[in-house]
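I opened this model to see how its chains are built. I kept short notes as I went.

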Amino acid sequence: MNALRTTLAGLLAGTVFGLGLAISQMTNPEKVLNFLDLIGTWDPSLIFTMGGAVVVTFVGYRLLTGGTPLFASAQQLPGNRSIDTRLVTGASLFGMGWGMAGYCPGPAVTGLASGSLEPVLFLGAVYVGFVMAGARPAPRPEAATEA
Amino acid sequence: MTTFTPIAATIGGALIGLAAVLLMWLNGRIAGISGILQGAAFSRGAERSWRLAFVAGLVLGGALYLLVTDGTLLTREGVSPWLIVTAGLLVGVGTRLGSGCTSGHGVCGISRLSPRSLVATLSFMATGFAMTAMLRHVLSVSV
């Protein structure tokens, strides 16, 4: 029943994450753009959101270092440590899109609850972007065994 | 105009951190939303279901906020749909190439003291500042 437990854990973590985005008002693209607008109507709130998130995550991750997750056999941490053109190009393109509309992926998903059209359009385009950059559905397990 | 709200911003940020710690404690995973969105659509089986549930939770968190408080999530109207779509394409391509976004690199990666995530975060912050400045102050686009 590990699949049920990891799924419920995902739901819990996602809900807390979404509440955090809503309370910090990072779902409001105007607030995000006002953070990025240093020479205009600057609103530094996002620094406090990032700061609060990093402090809690830093301490929590320290406490969990070397431990075994409750519902999985091991922690899965990114192994890629290379700082290359792909990383900088990708992050730079992401920042351009972020600074254009004021959405990053999480706030756009939580913003779906508003019923507004913007997050729907934005996320549709994000998925097209994923595919343009090479994302494909994983092969079916039976197809893998036939090969 | 938005007003500076340091207390709500910090409380919300702490909850985002709590969510990242919960996901590591329970499932042993990094809370990187762009990766989770890809896995929710493109992976299979249990790898897919916890990510789908996380995405559903993100929406649920927003809905709970609307239900319990008299606040709003977003109220903007009248921005060109082309601008929104272009931004979405850049975010989709960029987060896949760069293996992460504000959550995966900016929160989780920085908290792991990953040099790779620090470089990514500085890169997207720099182009974010530049893009907003250009749109608002050079091209006079109202966003």
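Predicted model: local features only at pLDDT ≥ 70, side-chain atom pairs only at ≥ 80, totals over all residues.

Entry on Gln25(A). I looked up where this residue sits and found Gln25(A) in the loop between α1 (2-24) and α2 (29-36) of chain A. Is Gln25(A) buried or exposed? Gln25(A) has 26 C-beta neighbours inside 10 Å, so I counted Gln25(A) as buried. I then read the backbone angle: phi of Gln25(A) is near 65°, a positive value in a residue that is not glycine. I wrote beside this that most residues other than glycine have a negative phi.

Entry on Ser99(B). I went to chain B and found Ser99(B) in the loop between α4 (81-97) and α5 (102-111). Phi of Ser99(B) is also positive, near 55°, and the residue is not glycine. Ser99(B) has 21 other C-beta atoms within 10 Å and is therefore buried.

Entry on chain A as a whole. Which elements does chain A hold? I listed seven helices and zero strands, and from the N terminus the order reads α-α-α-α-α-α-α. I noted that 52% of the 147 residues of chain A count as buried. For overall extent I took the C-alpha atoms of chain A, which fill a box of roughly 55 × 40 × 40 Å along the principal axes. The radius of gyration of chain A is 18 Å, while a compact globule of 147 residues would have one near 15 Å. Last, I looked at contacts in chain A with a separation of 6 or more: residues 24 or more positions apart account for 44% of them.

Terms used: Residues numbered from 1 in each chain as written. Chains lettered and ligands numbered in written order. Helix = DSSP H or I, 4+ residues; strand = E, 2+ residues; numbered from the N terminus. Rg over C-alpha atoms; globule rule 2.2 N^0.38 Å. Buried ≥ 20, exposed ≤ 12 C-beta atoms within 10 Å, placed from the backbone. Contact = placed C-beta atoms within 7 Å.
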